[in-house]
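Grab the model and work through the exercises below. Each one has a task, then a solution in steps.

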Amino acid sequence: MKRTAAVLAALAVFTGCEEPAQAEARKKVQSTIDYAAHGRAELSAGRPEQAVIEFKKAINVTPEDVSLYLMLADAYRLSGNEAAAALTLKQAESVSGTQDPSIRRQRAELLRKMHQTKAAIVELIALRDEDLLTDPEILDLAKLLAHRQRIDEAFKTLERIQLRSPDDPEAKVCEAEILFVKGDEVVAAKIIDRLLTENPGLTSARLVRARYFFNARELAQAEQDLAMIDAKDAKREDVLALRALVLNELGRSEEAAALLEELVNENPKDAEVLALLAETRLEQGKAGEAQMLVDKVLAMEPRWARALYVRGRAVEMQDRLEDALNDYQSALLTDSTFAPALKRIWRVQMRLNNKPESIAALEQLFLQNEIDSEEKVQLAKYYAETWANVDRGEKLINEALKKDPTNKEYLAIKAKLTKGAVGLGKKKPNTGGIQIIKGGRR
């Protein structure tokens with residue numbers, strides 16, 4: 001009987017004589033596949049609003065498929081409707097019922113794309129504590145925590161790899177990156193130098209050191225490290241993007257543009273690369289092209305930090321300082337650690353004679369260890385003028401004096417800071433002459 005039933009079922013398939021329930025189920029599956037495919041195609045074409053319609057159709061057919069909600073949330077995000085995206089994520093969570101790790105990973109990644117980094121970190125920490133993260137995901141989480149000044153938690157996360165594999169090269173690179181953020185630059189540099197001595201082709205180590213040199217304004221050393229990256233990784237987007245930033249700072253924007261144009265040709269929808277190209281067009285004096293690229297990015301990603309920053313730079317060049325500030329602050333609302341925006345904010349606030357706001361931006365750069373030598377001197381100068389944070393000011397100006405011990409401006413700042421320390425009772429004035437030390441040996 002079983003064999004007969006199987007034969008009859010097979011015949012039904014081959015002859016197209018399906019049972020009504022089977023035909024309906026097949027139609028449902030095919031409709032879901034078609035609507036989802038149409039939605040993905042609309043996203044690829046840069047039409048997220050149309051993608052929303054297609055994904056909704058798919059959900060209407062198969063409301064139990066959690067992956068469809070995640071695609072719909074992404075489409076909402078790209079259309080600029082983050083409230084709907086967040087609501088859709090909650091729906092996905094409700095539909096899933098079970099705590100599927102793969103869905104939770106997708107949710108964390110989507111939260112990061114939506115610039116909800118705090119929420120993404122919460123999700124990733126929960127996965128970490130359940131031992132559900134891969135090693136690359138552990139490293140990503142450690143870096144996210146470090147760049148948000150959660151240094152202890154970053155090291156705690158990294159321990160999950162280092163306790164079982166103390167010499168893991170990628171974990172050591174991550175350790176060095178955390179130390180750089182913390183401000184322990186000497187220790188971090190020693191780790192990176194040792195890693196590159198043992199393995200000159202370790203791309204992650206080269207990138208970390210190149211970024212450090214770039215932030216320290218040691219541009220020639222940054223370019224040298226990037227030039228030594230292994231050929232197999234030389235065309236990677238993160239490598240080429242950093243090279244473009246270095247070349248722009250070196251005044252070689254034509255070379256930077258050539259690199260970025262190559263990346264855009266390979267991926268014309270990459271928001272960060274398009275924003276970098278827009279920044280480069282500004283460096284080339286092509287403000288119109290820069291604006292077109294910024295508009296394109298913001299049409300795809302309404303809250304993309306670098307695009308908002310580039311738009312701010314363009315209006316700052318027109319001396320529209322308040323408008324520029326709005327764009328820089330919007331970039332920080334998206335990414336509170338976005339250093340390029342902070343680096344423009346303190347300068348604009350200084351031009352507007354808003355000293356407290358300028359100091360606040362510089363202090364944020366200091367805490368993120370993204371502050372360069374010029375900014376350290378300016379912060380020390382502010383501290384000398386206000387007698388606030390005198391100890392930090394002295395450390396900053398002493399660092400500058402080590403490189404240029406006869407610089408008259410630095411010496412004047414040092415003198416003001418010393419006077420401030422005495423005035424605040426942190427130092428005793430040196431009155432000269434013979435000093436009598438009470439309670440000394442008789």
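**Exercise 1. Work out the surroundings of Glu316: which residues is Glu316 in contact with, leaving aside its neighbours within four places in sequence?**

This is a predicted model, so keep that in mind throughout.

- Step 1: find the residue. Glu316 sits in helix 18.
- Step 2: list the partners. Beyond the neighbours within four places, Glu316 touches Leu321, Ala324, Tyr328, Arg344, Val348 and Arg351.
- Step 3: check the burial. Glu316 has 7% relative accessibility, so it counts as buried, the cut-off being under 20%.

**Exercise 2. Take the ring pairs: how many aromatic pairs are there, and how would you describe Tyr212 with Phe213?**

- Step 1: count. The rule gives four aromatic pairs.
- Step 2: look at Tyr212 and Phe213. Their centres are 5.7 Å apart and the planes make 50 degrees, a tilted pair.
- Step 3: Tyr212 is partly exposed at 23% relative accessible area, whereas Phe213 is buried at 15%.

**Exercise 3. Now try Tyr309 and Tyr328: which helices does the pair link?**

- Step 1: geometry. Tyr309 and Tyr328 also make a tilted pair, with 6.0 Å centre to centre and 40 degrees between the planes.
- Step 2: placement. Tyr309 belongs to helix 18 (residues 305-316) and Tyr328 to helix 19, 19 residues apart, so the pair links distant parts of the chain.
- Step 3: burial. Tyr309 is buried at 6% relative accessibility, and Tyr328 is buried too, at 0%.
- Step 4: tie back. Tyr328 is also one of the contacts of Glu316.

**Exercise 4. Describe the second largest pocket: which residues line it?**

- Step 1: volume. The second largest pocket comes to about 170 Å³.
- Step 2: lining. His115, Gln116, Thr117, Lys118, Arg148, Leu332, Leu333, Thr334, Asp335 and Ser336 line this pocket.
- Step 3: elements. Helix 7 (117-129) and helix 19 (321-334) each give two or more residues to the lining, and helix 19 has the largest share, three residues.
- Step 4: The lining divides into two nonpolar, five polar and three charged residues.

**Exercise 5. Visit the loops: where are Arg217 and Asn369, and what is the phi of each?**

- Step 1: Arg217. This residue is in the loop between helix 12 (203-215) and helix 13 (219-227); its phi is positive, about 65 degrees, although it is not a glycine. Arg217 is partly exposed at 34% relative accessible area.
- Step 2: Asn369. The loop between helix 21 (355-367) and helix 22 (373-386) holds Asn369, whose phi is near 55 degrees. Asn369 is buried, with a relative accessible area of 18%.

Definitions and conventions. Residues numbered from 1 in each chain as written. Predicted model: local features only at pLDDT ≥ 70, side-chain atom pairs only at ≥ 80, totals over all residues. Heavy atoms only, no water. 1 Å grid on protein atoms, 1.4 Å probe; cavity = no way out; pocket = protein on both sides within 12 Å on 5 of 7 lines; lining within 4 Å. Points joined across faces, edges and corners; volume = space filled by probe spheres on them. Helix = DSSP H or I, 4+ residues; strand = E, 2+ residues; numbered from the N terminus. Nonpolar A, V, L, I, M, F, W, Y, C, P; charged D, E, K, R; others polar. Phe/Tyr/Trp six-rings, centres within 6.5 Å; stacked < 30°, edge-to-face > 60°. Buried < 20%, exposed > 50% of the residue type's maximum accessible area, 1.4 Å probe, protein only. Contact = heavy atoms within 4.5 Å.
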